[in-house]
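Subject: Structure handover

Hi,

Here is the structure I promised to pass on. Have a look at it first, and my notes on what turned up follow below.

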Amino acid sequence: MAELSPNLPRIEAGDAAEVALALETARALWTNGQGLESVRWIQRAAENAEATGDDLRAVSLARAAADLRAEVSVAS
């Protein structure tokens, strides 16, 4: 799983600091083979985006988390 998935969301210029940190953490965890923990951090990023009022980004991140959860389940 060390290979980055195309479903792994990237930090965007408009992301709040909390969102960017959660995504950075998710990417590091994914690289270290911790897929499920990475998904949890992407979900946190979605929650943080929602808390900062960025609803579109929150939905996008929640979708990415769901896609990655499915990807991790298939790989298991």
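A search of the whole structure turns up 4 salt bridges, where a salt bridge is a side-chain nitrogen of Lys or Arg within 4 Å of a carboxyl oxygen of Asp or Glu. Before I get to them, some ground rules. Bear in mind that this is a predicted model, where local features need pLDDT of at least 70 and side-chain atom pairs count only at pLDDT 80 or more, while totals for chains, interfaces and linings use all residues. Residues are numbered from 1 along each chain as its sequence is written, and side-chain values use heavy atoms, with hydrogens and water left out.

**The salt bridges**

Arg57 is the residue I would click on to begin with. Its place is in helix 3 (helices are DSSP runs of H or I with at least four residues, strands are runs of E with at least two, and both are numbered from the N terminus). Arg57 pairs with Glu12 in a salt bridge, with the closest N and O atoms 3.3 Å apart. Glu12 sits in the segment before helix 1 and Arg57 in helix 3, so this pair ties together parts that are 45 residues apart in sequence.

Arg57 has another partner in Asp15, and their side chains meet in a salt bridge at 2.8 Å, N to O. Asp15 also lies in the segment before helix 1, so the pair with Arg57 in helix 3 links parts that are 42 residues apart in sequence.

How open are these residues? For the cut-offs, buried means under 20% relative accessible area, exposed means over 50%, and partly exposed is in between, using a 1.4 Å probe and protein chains only. Arg57 is buried, at 7% relative accessible area. Asp15 is buried too, at 13%, whereas Glu12 is partly exposed at 45%.

Then there is a salt bridge between the side chains of Asp67 and Arg63, at 3.2 Å, N to O. Both residues lie in helix 3, 4 residues apart, about one turn of the helix. Asp67 is partly exposed with a relative accessible area of 28%, and Arg63 is exposed with 56%. Salt bridges that share partners join Glu12, Asp15 and Arg57 into one network.

**More on Arg57**

What else does Arg57 reach? Its side chain comes to 2.7 Å from the backbone oxygen of Arg10. That is a polar contact: a pair of N or O atoms within 3.5 Å, where within protein one must be able to donate a hydrogen and the other to accept it, and residues adjacent in sequence count only if both atoms are side-chain atoms. Leaving out residues up to four places away in sequence, Arg57 touches Arg10, Ile11, Glu12, Asp15, Leu23 and Ala49 (contact means heavy atoms within 4.5 Å).

**Overall layout**

The chain has 3 helices and 0 strands, running α-α-α from the N terminus on. Its C-alpha atoms fill a box of roughly 35 × 20 × 15 Å, taken along the principal axes. Of the 76 residues, 34% count as buried. Among contacts between residues at least 6 apart in sequence, 58% join residues at least 24 apart.

**The core**

In soluble globular proteins, nonpolar side chains tend to be buried together. A nonpolar core here is a set of buried Ala, Val, Leu, Ile, Met, Phe, Trp, Tyr and Cys residues joined through side-chain atoms within 4.5 Å. The largest one has 16 residues, and Val19, Leu23, Ile42, Ala45, Leu61 and Leu68 touch the most other members. Helix 1 (17–31), helix 2 (35–51) and helix 3 (55–75) are the elements that give two or more residues to this core. Ala45, leaving aside its neighbours within four places in sequence, is in contact with Val19, Ala22, Leu23 and Leu61.

The buried residues of helix 1 are Val19, Ala20, Ala22, Leu23, Ala26, Arg27, Leu29 and Trp30. Just after helix 1, Gly33 takes a positive phi of about 85°.

Over in helix 2 you will find Glu47, which is exposed at 51% relative accessible area. Glu47 and Leu61 are 14 residues apart in sequence and 8.8 Å apart in space, C-alpha to C-alpha.

Cheers
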